[in-house]
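Me: I would like to go through the terms used for this model and see what stands behind each one. Please set the values against the definitions.

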Amino acid sequence: MERLPGGRRPRLVSSLGLGRRSWEVTLDDERGRLAWRDPRPPRRAGENCFVPISEIIAVEETEFNKKQRNIGRWHKMAKLHAFTVYYVKKARNHRWRCSDMTFWCVDEPICNQWIQALKELLEMQKSRPKHLLVYINPYGGKRQGKRIYEQKVAPLFSMASISTDVVITEHANHAKDNLFEVNIYKYDGVVCVGGDGMFSEVMHGLIGRMQKDSGIDQNNPKASLVQCNIRIGIIPAGSTDCICYSTVGISDPVTSALHIIVGDCQPLDVSSVHHNNTFLKYSVSLLGYGFYGDILKDSEKKRWMGPMRYDYSGFKTFLSHHYYEGTIAYQPAKHTHGSPRDKESCRTGCYICKKSEKQLAEQHKECGLKHEEGEEEWKVVKGKFLAINAVSMSCACPRSPKGLSPAAHLADGSADLILVRKCSRFDFLRYLVRHTNQDDQFDFPFVDVYRVKCFQFTSKLSEDNESNVMDIVKKRFGQFCRDHPACCCNIVNSTWNCDGETLDSSAIEVRVHCQLMKLFARGIEENCKDEAAYSQSSVEQLL
Ligand SMILES: Nc1ncnc2c1ncn2[C@@H]1O[C@H](COP(=O)(O)OP(=O)(O)OP(=O)(O)O)[C@@H](O)[C@H]1O
Ligand SMILES: CCCCCCCCCCCCC/C=C/[C@@H](O)[C@H](CO)NC(C)=O
Ligand SMILES: [Ca+2]
């Protein structure tokens with residue numbers, strides 16, 4: 001048996017047929033690769049091809065005649081034995097597809113040896129899920145959730161030998177409530193088929209369940225929450241699908257299903273939102289007051305329009321140009337080195353997020369699960385704002401491929417607080433348009449951005465309300481009519497948009513919990529054509 005670099009022996013080396021030619025095929029378990037090359041000298045660059053074992057989806061014995069291609073005439077005389085390897089093929093724009101290759105030989109024991117060895121190696125991929133709980137929202141987005149799951153996802157899960165318990169939700173909060181009742185510990189993960197709202201439900205169910213089982217009171221804004229190690233997979237079938245897009249790089253059901261199958265793991269920051277020591281919600285994407293809150297409030301009445309509702313309400317809200325007065329107090333995130341103005345974005349294996357992971361592990365070692373709230377300084381900002389956005393991740397989505405804060409990190413324990421002060425409609429439009437092109441959306445005198453670990457917000461109206469409700473409303477309403485005929489400032493509060501759900505209170509207290517949960521994802525991969533992708537495309541040229 002030929003030795004590999006370093007004198008290692010591969011697990012298996014055989015001469016196998018692939019297409020019309022015979023190849024030297026190697027199963028190198030140390031490097032984690034299934035590789036094949038043309039044995040005829042000289043070996044030309046580009047003829048060394050491989051698939052990482054971690055990206056093989058399944059292996060199965062194949063009835064060769066059914067798949068028979070135009071192979072040499074002499075082979076037609078003998079009975080051929082074959083096996084098919086299904087693997088991840090990386091296409092453009094972070095899209096993944098399931099591709100396959102059929103290897104053949106005349107020797108049945110060799111064929112069986114290959115099938116067995118590959119299956120053993122797949123069995124050893126311990127991060128892969130075997131049993132999943134799936135929730136499908138049949139009414140999310142364009143109401144395609146059930147069809148998408150049945151046609152595109154279920155066949156892949158079954159090919160990868162993943163068993164599933166599927167729940168088609170019958171009402172809002174069905175998935176969340178169900179997660180408090182079922183034995184979640186028997187599953188390797190929970191999958192939601194829907195949009196950001198559906199993900200939010202599943203996340204609330206899982207995090208809430210973990211806290212309940214650990215005796216943690218979610219109403220305590222300072223409580224150290226217990227990390228949730230049951231991963232969530234998102235099959236995008238919603239209107240914005242921002243969480244899927246920001247963690248995978250594309251909103252595509254097949255790509256997401258393949259990330260689940262290969263057992264990817266991406267930790268995620270979660271912000272808790274409280275009002276007066278009462279827990280309101282968790283957020284992983286956008287907490288938006290003013291512009292995004294008003295869009296959401298208006299669009300909720302137009303759910304029948306589907307994803308178009310956001311364009312309609314967005315246009316209406318833009319024209320209304322309301323601003324809101326309030327005070328924000330925040331603690332800067334000093335533990336992380338990044339800044340919202342960085343040119344680099346969070347990508348697979350991000351070193352800033354890795355550093356936060358280490359810090360978190362050290363913190364847990366030092367003080368068990370007790371969280372030491374640092375007596376760090378609070379900064380206070382008062383003003384009139386068109387939008388207050390706090391994002392724990394970039395919030396990239398098909399409408400804005402770089403997101404609301406392009407340099408925000410998925411798992412660094414911080415959120416980016418973006419304050420858009422009162423400005424002209426034209427300037428606000430310029431700001432919005434920069435979400436869709438390469439220009440810096442923070443490079444405006446009326447936009448400030450801070451990386452924070454917690455913040456509080458109080459609207460001017462609720463500050464006033466605390467003194468004397470009716471007097472102030474009357475006084476302010478008079479002022480409003482006399483001083484602002486253009487009707488741009490608002491005597492009522494806006495609403496918080498929390499990952500696509502409205503909050504009942506305007507005064508909130510927010511804290512980022514570093515890596516509180518995990519997704520079946522790996523962050524956005526760098527956009528270079530990597531070695532594996534190169535090899536795979538060259539396979540197709542060669543066959
Ligand atoms: N069977 C159901 N009937 C009505 N509402 C449901 C049902 N199942 C789930 N929901 C609710 O529907 C809401 C919206 O769903 P989802 O997030 O899937 O779609 P979307 O709002 O169109 O997309 P996005 O959140 O990406 O904008 C969720 O908050 C969820 O609570
Ligand atoms: C005139 C051009 C204007 C273009 C403006 C583009 C800006 C788009 C930015 C969208 C960011 C969406 C952030 C995600 C929020 C989700 O949590 C939420 C629920 O799905 N979606 C919305 C729309 O609130
Ligand atoms: Ca973050």
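Me: Why does ligand 2 lie between domain 2 and domain 3?

Reply: Both domain 2 (127–265 + 520–543) and domain 3 (281–366 + 379–512) give residues to the shell around ligand 2, so ligand 2 lies between them. The domain bounds come from an automatic or database domain assignment. This is a predicted model, in which local features need pLDDT of at least 70 and side-chain atom pairs count only at pLDDT 80 or more, while totals for chains, interfaces and linings use all residues. Residues are numbered from 1 along each chain as its sequence is written, and chains are lettered from A and ligands numbered from 1 in the order in which they are written.

Me: Which residues come nearest to ligand 2?

Reply: D196, T240, C242, S400 and G500 come nearest, out of the 21 residues around ligand 2. A residue is near a molecule if its C-beta atom, placed from the backbone, lies within 6 Å of it.

Me: How do the residues of the shell around ligand 2 divide into nonpolar, polar and charged?

Reply: There are 10 nonpolar, eight polar and three charged residues in that shell. Ala, Val, Leu, Ile, Met, Phe, Trp, Tyr, Cys and Pro count as nonpolar, Asp, Glu, Lys and Arg as charged, and the others, Gly among them, as polar. Around ligand 1 the shell divides into four nonpolar, 14 polar and four charged. The closest of the 22 residues there are G140, G194, G195, G197 and G238.

Me: Why is D448 called partly exposed?

Reply: A residue is buried if 20 or more other C-beta atoms (placed from the backbone) lie within 10 Å of its own, exposed if 12 or fewer, and partly exposed in between. D448 has 17 C-beta neighbours inside 10 Å, so D448 counts as partly exposed. In the protein chain, buried residues make up 42% of the 543 residues.

Me: How do you know that the length of helix α3 agrees with its number of residues?

Reply: The expected span of a helix is 1.5 Å times one less than its number of residues. The 15 residues of α3 (residues 145–159) should therefore span 21 Å, and the end C-alpha atoms are 20 Å apart, which agrees. Helices (H or I, at least four residues) and strands (E, at least two) are DSSP runs, numbered from the N terminus.

Me: Where in α3 does a kink lie?

Reply: The kink, about 45 degrees, lies at V153, shortly before the proline P155. The bend at a residue is the angle between axes fitted to the seven residues ending there and the seven starting there. V153 is also one of the buried residues of α3.
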